[in-house]
Amino acid sequence: MDQALLEILVCPVTHSKLRREGDFLVSDAGGLRYPIKEGLPVLLPEAAELPPGATLEELRTKYKK
């Protein structure tokens, strides 16, 4: 994945920056983990791995802009 692309991408739920950890992009806020498949990030909230005990609705409410 291109570093320039990574610098402009943000988490669609928390609106925070993303960092690469192996085959995932991880949200700085909230800890959502988005998979990278065939070199492309899958930034769909439904595709993200959530932190233990969290629900997508809770995170959307917490980080609502």
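Q: Which side chains does the salt bridge of arginine 33 bring together?

A: Side chains of opposite charge can pair when their charged atoms come close. In this predicted model, arginine 33 makes a salt bridge to glutamate 21, with N to O at 3.7 Å. The cut-off is 4 Å, so this pair counts as a salt bridge. Arginine 33 belongs to strand 3 (residues 33-37) and glutamate 21 to strand 1 (residues 18-21), and the pair, twelve residues apart, links distant parts of the chain.

Q: Are arginine 33 and glutamate 21 buried, exposed or partly exposed?

A: Look at the relative accessible area: under 20% is buried and over 50% is exposed. Arginine 33 has 24%, so this residue is partly exposed. Glutamate 21 has 35% and is likewise partly exposed.

Q: Which residue forms a salt bridge with arginine 19?

A: The partner is aspartate 28, and the closest N and O atoms of the two are 2.8 Å apart. Arginine 19 has a relative accessible area of 35%, which makes this residue partly exposed.

Q: What does the salt bridge between glutamate 46 and arginine 60 tie together?

A: Begin with the distance: the closest N and O atoms of glutamate 46 and arginine 60 are 3.3 Å apart. Glutamate 46 is exposed at 59%, whereas arginine 60 is partly exposed at 31%.

Q: How many salt bridges are there, and which residues are joined into one network?

A: The count is six. Where salt bridges share partners, they can be read as a network: here Arg19, Glu21, Asp28, Arg33 and Glu49 are joined into one.

Q: What does the side chain of threonine 14 reach?

A: For polar contacts, read the atom pairs. The side chains of threonine 14 and serine 16 are joined by a polar contact of 2.8 Å. The threonine 14 side chain also reaches the backbone oxygen of alanine 29, at 3.4 Å.

Q: Which residues is threonine 14 in contact with, leaving aside neighbours within four places in sequence?

A: With those neighbours set aside, the contacts of threonine 14 are Ser27, Ala29, Gly30, Leu32 and Tyr63.

Notes. Residues numbered from 1 in each chain as written. Predicted model: local features only at pLDDT ≥ 70, side-chain atom pairs only at ≥ 80, totals over all residues. Heavy atoms only, no water. Buried < 20%, exposed > 50% of the residue type's maximum accessible area, 1.4 Å probe, protein only. Helix = DSSP H or I, 4+ residues; strand = E, 2+ residues; numbered from the N terminus. Polar contact = N/O pair within 3.5 Å; in protein donor to acceptor, adjacent residues only side chain to side chain. Contact = heavy atoms within 4.5 Å.
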